[in-house]
Amino acid sequence: MSNVFIALQKNEETRCIINAIVADNPDAIINEQPAMVKIDVPNRMVIRKSTVEEEMGRDFDLQELHVYLITLTGHIDETDDEFVLSWTH
Amino acid sequence: MDIKVNKKLGLKERYNLMTRDLAWTPTYQAFKDVYPYMQYEGIKIHDWDKFEDPFRMTMDAYWKYQAEKERKLYAIIDAFTQNNGHLGVTDARYINTLKLFLTGVSPLEYMAHRGFAHVGRAFPGAGPRVACLMQSLDEIRHAQTQIHSMSNYNKHYNGFQNWRHQHDRVWYLSVPKSFFDDAITAGPFEFMIAIGFAFEYVLTNLLFVPFISGAAYNGDMGAMAFGFSAQSDESRHMTLGLEIIKFILEQDPDNLPIVQHWIDKWFWRGYRVLTLVAMMMDYMLPKRVMSWKEAWEIYAEQNGGALFADLARYGVKAPAGLAQACKDKDHLSHQAWNVFYNYAAAAPFHTWAPSEADMKWLSEKYPDTFDKYYRPLWEHYAKEQKEGRRFYNTTLPMLCQTCQIPMFFTEPDDPTKVAYRESDYKGEKYHFCSDGCKNIFDHEPEKYIQSWLPVHQIYQGNCFCPDVDPSKPDFNPLAEVLRWYKITWGEDNLDYADSPDKKNFEQWRVQATGN
């Protein structure tokens, strides 16, 4: 089983997004690098709008991710509520 | 009165309405006249509507988020400049990575802009057209923001001033230039596999992530800002690359052998260009984030492995050159930096022999190869330099006909033997650095016999200013080539130890910390 990953710039917004990823993906592996954070999860990663909003204390549109994204891998399935990366079909 | 409230549209409906539904089928003109480039590469597409753009980005959302990125970027650039950020970098040696980037990479961003504009126009499907349009706009943004960010360094350091002029002329810059010229002169489907898939998806992480993380680590907020801003677009580009290859493979089984050949070819072409990144990571950053070997293992072996395991369901195999590239990871950066050390007189940036502390790090990162093969070389150079004989190579190297890199790569299983390959075509002999480059040539010799090889061009007399007089007794061909390159001797070139950049930086540092 391969990992999927996402890398985000390190800032106040992404601190909340990363917390949300950790909450929703118990197998997440956090790798802090200069100015960025890389998060690996075996096979499938979900980013939930509701969890991010709870962390941020404000509304969050999942497409805001585009502003902080550095790179990612895996197939993407995006709706208004969830952003999923996976190697499954 | 009842007011009917429409439910807000979901992401998928919004995307469909604002992209797919805006396309139409031409009736006044024949389809093949409107889309003339869809047949000749042999790729068969039956239903363009099957293309899925998973980000489902609509143009209005695109403008909104891109504007946000630009505001953030320029706030950082202004702050960096106002705060004399160029003095806060670890060491002025670092600045040379930016010279390499501006002369070698930024012009490719502009070419990518043109390439995706062209391909977006060529594809009949609304989904890929919109994604290509966005990518085309991203790429010109990248070119502009990079030039803008680095213009601040041009006020203080040598070697930045003629980047565009040099991109079309200087020997090692023909490597990235010819790579992109090769892609943009291919058909639209090949361009998408070359740049969208092989470069953006498989290799771009190796260019941007370590480079930009390295910029941050070395105190360069300007480069970090443009890099991350550009990289945030790359995720969209990578996804386009992955979706387009899946789409092409799903459309017709006849597409597989054509696509496999392109994967093999463009993996190797891109990998060769990344040689410059390998030496940048291991030798040019005063503070290093990770070694080339580590970056290769994370992004090419693990991530590339996951990708090709996934694509195996279409019958796609990992690129033919991947195994050799994995063997090379212990050698690539050392061999490349050696060549640039040799030719430091002919490049508009500085090189240097690694210090004892640098070599300690290299030994730790490359336990199987550095001490055995490369440390003795650097110790020899350092000794020569200490005794006033800094080595500058004044003979010109043989270049590979395909990648245009000097022939310094060694045999995959013997790091003491330089690899040579050759092919005969129409009575001429052509030389290659590797099986990968030879195979590319053998498949399309008519394309690659046209290569503009800098060394050949110099010997043919094509790299001098119009006023040159080779019959003069004091004619100095190397000096004349540098004049044509617009490299200022003693300022832009030679060893870092003797450079005005080093002298200035040290003086400014003293001034910055007291009166």
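Predicted model: local features only at pLDDT ≥ 70, side-chain atom pairs only at ≥ 80, totals over all residues.
In which hand does H4(B) pass H6(B), left-handed or right-handed?

The crossing is left-handed. Helix H4 of chain B covers residues 95-104, and helix H6 of chain B covers residues 126-154. Their axes come within 11 Å and cross at roughly 140°. Angles over 145 degrees would count as roughly antiparallel, and this pair is therefore oblique. On the H4(B) side, the residues that meet the other helix are B:Ile95, B:Leu98 and B:Leu102. Their partners in H6(B) are B:Gln146, B:Met150 and B:Tyr153. By type, this contact has five nonpolar residues, one polar and no charged.

Now chain A. Its secondary structure comes to three helices and seven strands, and along the sequence the order is β-α-β-β-β-α-α-β-β-β. The C-alpha atoms fill a box of roughly 35 × 30 × 20 Å along the principal axes. A compact globule with 89 residues would have a radius of gyration near 12 Å, and chain A agrees, with 12 Å. Of those 89 residues, 42% count as buried. Take the contacts in chain A between residues at least 6 apart in sequence: 64% of them join residues at least 24 apart.

Last, where the chains meet. Chain A puts 23 residues into the contact, and chain B puts in 27. On the chain A side, strand E1 (3-9), helix H3 (65-68), strand E5 (69-73) and strand E6 (75-78) each supply at least two residues. E5(A) gives the most, with five. That side of chain A divides into 11 nonpolar, nine polar and three charged residues.

Key: Residues numbered from 1 in each chain as written. Chains lettered and ligands numbered in written order. Axes fitted to C-alpha atoms, helices over the stretch in contact; angles between N-to-C directions. Helix = DSSP H or I, 4+ residues; strand = E, 2+ residues; numbered from the N terminus. Parallel < 35°, antiparallel > 145°, perpendicular 65-115°, else oblique. Left-handed = near helix turned anticlockwise from the far one by under 90°. Contact = placed C-beta atoms within 7 Å. Nonpolar A, V, L, I, M, F, W, Y, C, P; charged D, E, K, R; others polar. Rg over C-alpha atoms; globule rule 2.2 N^0.38 Å. Buried ≥ 20, exposed ≤ 12 C-beta atoms within 10 Å, placed from the backbone.
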